[in-house]
Amino acid sequence: MADVQVAVGAVVRRGKDILLVRDGDDWALPGGAVADGEPLLDRVAAEAGYAGVIAERLLWVARYRAGGRRYEMIGFEVTGVGPHRGGGEWVEVGEAARRLAAMWFAPIREPAVAYLTGRARVATLWSWPDLGGEPDTVPSVSAA
């Protein structure tokens, strides 16, 4: 799938808190675009401030097109390996959902907020036929 840009995002928990990182003016989950041949979870570990991370479960896949290119954003829940080396900010789940809801880009924002607020089940597929419109989801996601 060389014509698809893969990105990854992860919900990293510490008790009742979620780790968020800065992405310009927005808050985001640790992760980002994955280079060809780069292990998905290495990107998350580097942004989350851990030596490594262990994927606990798949939370979502978001598919969309932008600039003539196909993208797939994969969301995981992960556990950090080793001590946390800093970076980011630990916030309670409700505050994490509130901060992420302010993010401008729907394919990153919507799956994360829907999962954190209990509106989406694990392993939900999100597809945006048009970035200006509503996504198709399987299974369906309850309204905000």
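Is Arg70 buried, partly exposed or exposed? At 30% relative accessibility, Arg70 counts as partly exposed. Here buried means under 20% relative accessible area, exposed means over 50%, and partly exposed lies in between (1.4 Å probe, protein chains only).

The model is predicted: local features need pLDDT of at least 70, side-chain atom pairs count only at pLDDT 80 or more, and totals for chains, interfaces and linings use all residues. Residues are numbered from 1 along each chain as its sequence is written, and side-chain values use heavy atoms, without hydrogens and water.

Side chains of opposite charge can pair when their charged atoms come close. A salt bridge puts a side-chain nitrogen of Lys or Arg within 4 Å of a carboxyl oxygen of Asp or Glu. The whole structure holds nine salt bridges.

One of them joins Asp3 to Arg70, at 3.5 Å from N to O. This pair links distant parts of the chain, 67 residues apart. Asp3 sits in the segment before strand 1 (4-14), and Arg70 in strand 6 (residues 69-81). Strands (E, at least two residues) and helices (H or I, at least four) are DSSP runs, numbered from the N terminus. Asp3 is partly exposed, at 48%.

Strand 6 also carries Glu77. Its salt bridge partner is Arg57, with the closest N and O atoms 3.5 Å apart. Arg57 lies in strand 5 (residues 52-66), so the pair ties together parts that are 20 residues apart in sequence. Glu77 is buried, at 11% relative accessibility, whereas Arg57 is partly exposed, at 38%.

Now turn to helix 2 (residues 93-101). Glu95 and Arg98 form a salt bridge there, at 2.5 Å from N to O. They are three residues apart, which means a separation of about one helical turn. Arg98 is exposed, at 52%. Both residues belong to a network of salt bridges that also includes Glu89 and Arg99.
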